[in-house]
Amino acid sequence: MLFPSRVRNLAVAFLLAIGVAQADPELRTIIDDSNDAIRYAGTWKTSPPAHASFTYGGNYALTTERSASATFNFTGVAVYFYAPRWPFNVSTQVALDGGPPVLVDLTDHSRSLLPNADPNASPSTITQVVWNMTDLNYGEHVLRVSVERDQAFSVVDAIMYTPQQSTGVYTSAISFVTATPGPETSSSKQPPALAIALGTVSSFLGLVLLLIGILAYRRYRRHQEAKRVAEWGESRQVPNNEVVSVRS
Ligand SMILES: *[C@@H]1O[C@H](CO)[C@@H](O)[C@H](O)[C@H]1NC(C)=O
Ligand SMILES: *[C@@H]1O[C@H](CO)[C@@H](O)[C@H](O)[C@H]1NC(C)=O
Ligand SMILES: *[C@@H]1O[C@H](CO)[C@@H](O)[C@H](O)[C@H]1NC(C)=O
């Protein structure tokens, strides 16, 4: 009884974990600057290897051309723009879905600033989310990066997006599996609707199996309890029997 019950509980925990992982609304996909999904217009160059440690994927794309732009189309609900920062006054421009461009500060304010923005200078902070937009309507969105009129350059290091809607089922309460932003999650290659359906079904399955596991475990506990009481009774009876047998 003991062995099968333990195995069942383990199996249940495992299946539940899988269910949570598949239905996790936080699954994200990160796109490096060199990814073909980003369309570059105008002249962009790749940052030198010397700047690699400040970047995602070894380099960032940089332009000094006023009219240059980078466009990224994605289907999802959230988007995060990554860039390093520099020890001088510099900003880039981003616009979502044809809206007005927003100036994103790429200045490393933890340092004393150099007087001039230098497109060849090394960043001074490692790449991080410098702008994001969440709670978007699920659907296709367009992110456009461009150079502000008074700025010396613009950059693209990486863009992360959330490709699916939150299922909102059991996933926020239970979280032994946390998704980490990593290159090209496999879920992004599935149609989101299918991924959500699979996730929901397996979460539900996990919950049902968890309930079965709990019931089985309680039954096992009751059984053990009964056995212990019986054994205890027996052990109490033994000396009495002995006494009786000595006497007789
Ligand atoms: C991105 O979306 C815009 C607007 O829907 C469209 O005009 C453009 O062709 C798309 N770009 C790519 C590369 O699919
Ligand atoms: C930094 O750049 C911004 C945007 O172009 C500008 O408004 C601001 O005055 C500049 N700050 C300094 C200290 O030069
Ligand atoms: C996203 O932007 C909001 C407000 O603009 C900010 O409070 C939040 O910290 C940002 N998230 C990340 C991951 O940078």
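1. Strand 4 (residues 61–63) runs antiparallel to strand 11, and three bridges join the two. Strands here are DSSP runs of E with at least two residues, helices are runs of H or I with at least four, and both are numbered from the N terminus. Two strands count as paired if DSSP finds at least two bridges between them. If you want a spot to look at, A61 has V156 as its bridge partner in strand 11.

2. Before going on, note that this is a predicted model, where local features need pLDDT of at least 70, side-chain atom pairs count only at pLDDT 80 or more, and totals for chains, interfaces and linings use all residues. Residues are numbered from 1 along each chain as its sequence is written, while chains are lettered from A and ligands numbered from 1 in the order in which they are written.

3. G58 sits in the loop between strand 3 and strand 4. (Buried means 20 or more other C-beta atoms within 10 Å of a residue's own, exposed means 12 or fewer, and partly exposed is in between, with C-beta atoms placed from the backbone.) P48 is ten residues from G58 in sequence, and their C-alpha atoms are 8.9 Å apart.

4. A second open sheet has four strands in the order 1-12-6-9, again paired antiparallel. Strand 1 (29–32) and strand 9 (125–133) hold the edges, each with a single partner strand, so one side of each lacks a neighbour in the sheet. Strand 6 (residues 78–85) and strand 9 are joined by six bridges, and R85 stands opposite T125 in strand 9.

5. Then there is a hairpin. Strand 7 (residues 91–96) pairs with strand 8 (residues 102–105) in the antiparallel sense over four bridges. S91 has D105 as its bridge partner in strand 8. Five residues lie between the strands, and D97 takes a positive phi near 50 degrees.

6. The largest nonpolar core has 30 residues, of which F81, Y82 and I159 touch the most other members. (A nonpolar core is a set of buried Ala, Val, Leu, Ile, Met, Phe, Trp, Tyr and Cys residues joined through C-beta atoms within 7 Å.) Strand 6 gives the most to this core, with five residues. Leaving out residues up to four places away in sequence, F81 touches V94, V104, V129, V130, W131, N132 and I159. A contact needs C-beta atoms, placed from the backbone, within 7 Å.

7. For the whole protein chain, expect two helices and twelve strands. Of its 248 residues, 27% count as buried. Among contacts between residues at least 6 apart in sequence, 80% join residues at least 24 apart.

8. Finally, confidence. The pLDDT, the predictor's confidence in each residue from 0 to 100, averages 76 over the protein chain, and 59% of the residues score at least 70. Residues 15–24 have pLDDT below 50, yet this stretch has 33 contacts in the model beyond near neighbours in sequence. Residues 233–248 also stay under 50, with zero contacts beyond four places in sequence. Where pLDDT is low, the predicted coordinates should not be read in detail.

Methods:
Contact = placed C-beta atoms within 7 Å.
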